[in-house]
Amino acid sequence: MHLVFALLLAFQLKHFVADYPLQGRYMLGKFRDDWGFIKPLLAHVAVHAVGTFLITCWFGVVQAICLGLFDATIHFFMDRIKSSRKL
């Protein structure tokens, strides 16, 4: 149970740090309506993926890479949906 709580705390902290202190002005370009959103969003997603990799690397490098890529993929689509123009 301590491991679950520690992971929950680590991921919450990672998410806060990646979404606020580490999200620079450039990454806010993810809110653009044209295709210029891709590079800023990929930069933002990369920060999340690296954070996930660092948290999970003690499970094994292969698992950490897979989890980082999974986090990046889900985060890309979720953030794009949240930042796209509302109809």
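With which side chain does the side chain of Lys-14 make a polar contact? Its partner is the side chain of Thr-52, at 3.3 Å; a polar contact is a pair of N or O atoms within 3.5 Å, where, within protein, one must be able to donate a hydrogen and the other to accept it, and residues adjacent in sequence count only if both atoms are side-chain atoms.

This is a predicted model, in which local features need pLDDT of at least 70 and side-chain atom pairs count only at pLDDT 80 or more, while totals for chains, interfaces and linings use all residues. Residues are numbered from 1 along each chain as its sequence is written, and side-chain values use heavy atoms, with hydrogens and water left out.

Lys-14 lies in helix H1 (residues 2-19), and Thr-52 in helix H2 (residues 38-56); helices are DSSP runs of H or I with at least four residues, numbered from the N terminus. Lys-14 has a relative accessible area of 11% and Thr-52 one of 3%, so both are buried (under 20%; exposed is over 50%, partly exposed in between, with a 1.4 Å probe and protein chains only).

The whole structure holds 4 salt bridges, each a side-chain nitrogen of Lys or Arg within 4 Å of a carboxyl oxygen of Asp or Glu. One of them joins Lys-30 and Asp-79 (3.2 Å, N to O). This pair links distant parts of the chain, with Lys-30 in the loop between H1 and H2 and Asp-79 in helix H3 (residues 61-83). Asp-79 also meets Lys-82 in a salt bridge (3.5 Å, N to O). Through shared partners, Lys-30, Asp-79 and Lys-82 form one network.

How values were computed
Helices (H or I, at least four residues) and strands (E, at least two) are DSSP runs, numbered from the N terminus.
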